[in-house]
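Subject: Structure handover

Hello,

Here is the structure we talked about. Please look through it alongside the notes below.

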Amino acid sequence: MNELLHSALQRSIRYLETLPERRVAPAPEALAALSGFERALPDGPTDPGAVLAELDELGSPATVASAGGRYFGFVVGGSLPATTAANWLATAWDQNVAMDVLSPVGVRLEEVALKWMIELLGLPAGTTVSFVNGASLASFTALAAARHALLRRAGWDVEARGLYGAPELKVVVSDETHVTVFKALALLGLGRERLIRVPVDSQGRMRVEKLPPLDNMTLVCAQAGNVNTGSFDDFKEIAARARAAGAWLHIDGAFGLWAAAAPGRRHLTAGAELADSWAVDAHKWLNTPYDAAMAFVREPADLRGAMSNNAAYLKAGDRREPYHHGPELSRRARGVEVWAALRSLGRSGVADLIERTCRHAARFAEGLSAAGFIVLNDVVINQVLVSFGDAERTKRVIAAIQADGTLWCGGTVWQGHTAMRISVSSWATTSADVERSLAAIIRIARTTP
Ligand SMILES: *Cc1c(COP(=O)(O)O)cnc(C)c1O
């Protein structure tokens, strides 16, 4: 074990040390070499050292360098040093955070991290949490709590009786609600299409004046951080209407809610604290390793009502038992890396991470505009949309940038315009990375026909 883990350590260090100079998308030869994994199921055991060597030699070159400083695709953070290190130790611990008796340390770290996040994100005191694997499952979890609460008020026990014959819920989304919320609604039997869609403005914000009448059987899904523009819905206004009507307000704040932790950006999230539930990723803007996210629910009884699960051998203790607060039973100790991120950064470190990445995004927007390209969004946080001309030309530039390997960005269609998305979400991105990437984008865009 000793020699094996030292080898893993050496290989990991070598990987991380060479990351800054690697191409961001793997080279075609590295992808071709993945065929080396395609062997018949081994008849018998192999020395673990040889297994690790094969993994490193074939696998490492074929990774996407998204842990480095020049990956700007989707919304992808890196892993803060303290979180990578904590993740290794927690892997050695191999804790199952289903319940307190299985991992007192795992549960305790989640509770500490919860308190800190309530403070940083400005959530109401007493809010509870489920640590899940991503914002998709966080929205699923929070919306299950919403379904429970709304139907219970109508005298319907949805966990016992299902939706057959249940009173109808009205679900309000916007034209820019993230696809994962639609999936969560579909999984919860609320339907992908049986929804009221509110139109959005030029930045993708819900047009509040177009909200339908709300009532106490309505579930409203709003958004902190549009995946393309980074924009925020008007939570103050939406929450005021939801509260007056007794509706449930859920906020998908996968990355955007972290803006609340930076004094210069906090105004964007104003009113978010008035919601009933929030979905927030840790593996995006907080920069923990995959996979970690939180479903926050204002009223713990609503989450427990949706998620509690009793069996004689699963005896609940007095503490906040994770499996009564989320969809999973056995799971890894996700709170460890969230705790480590917050413990290592502190309040000012989180604020700096958010501000710094936003400043890098602003620099991209400024540099690209100055070079004559069109920035399509108001750059309010870490997201930039840029067009290089018509759709076909923009697609060719994106493909050339990806093939060049200096950086990686993906494409999108924003309100009819094909665009390249730049999302600056990693702690590892430096000003030098931004300048080098900007120069590469401009060079490639100018030379692409
Ligand atoms: C990424 C994202 C999600 C989904 O998060 P996962 O962690 O990938 O499950 C949901 N909503 C928004 C706005 C996102 O950016």
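Strand 2 and strand 4 (residues 218-223) run parallel and pair over 3 bridges. Two strands count as paired if DSSP finds at least two bridges between them. Helices (H or I, at least four residues) and strands (E, at least two) are DSSP runs, numbered from the N terminus. Opposite Val 172 in this pairing is Val 220 of strand 4.

This is a predicted model: local features need pLDDT of at least 70, side-chain atom pairs count only at pLDDT 80 or more, and totals for chains, interfaces and linings use all residues. Residues are numbered from 1 along each chain as its sequence is written, and side-chain values use heavy atoms, with hydrogens and water left out.

Strand 2 also pairs with strand 3 (residues 196-198), again in the parallel sense over 3 bridges. There, Val 172 has Ile 196 as its bridge partner. Strand 2, helix 8 (residues 179-187) and strand 3 form a right-handed β-α-β unit. Right-handed means that, with the strands pointing away from the viewer, the path from the first strand over the helix to the second runs clockwise. Of the 5 residues in strand 2 (residues 170-174), 4 are buried, so the strand is largely enclosed by the rest of the structure. Buried means under 20% relative accessible area (1.4 Å probe, protein chains only).

Next, strand 11. Strand 11 (residues 417-423) is largely enclosed too, because 6 of its 7 residues are buried. Strand 9 (residues 383-387) pairs with strand 11 in the antiparallel sense over 4 bridges. Val 384 is bridged to Ile 422 there. Strand 10 (residues 410-414) also runs antiparallel to strand 11, joined by 5 bridges. Val 413 faces Thr 418 in strand 11. The hairpin of strands 10 and 11 has 2 residues between the strands, and Gln 415 takes a positive phi near 45°.

Now the ligand. It is surrounded by 13 residues, the closest being Ser 136, Asp 252, Asp 281, His 283 and Lys 284. A residue counts if one of its heavy atoms lies within 4 Å. The side chain of Ser 136 has an N or O atom 2.6 Å from a ligand oxygen. For Asp 281, a polar side-chain atom is 2.9 Å from a ligand oxygen. Lys 284 has a side-chain N or O atom 2.9 Å from an oxygen atom of the ligand. Taken alone, the ligand exposes 380 Å², and the protein buries 85% of that (Shrake-Rupley method, 1.4 Å probe).

Best wishes

Notes: Polar contact = N/O pair within 3.5 Å; in protein donor to acceptor, adjacent residues only side chain to side chain. Buried < 20%, exposed > 50% of the residue type's maximum accessible area, 1.4 Å probe, protein only.
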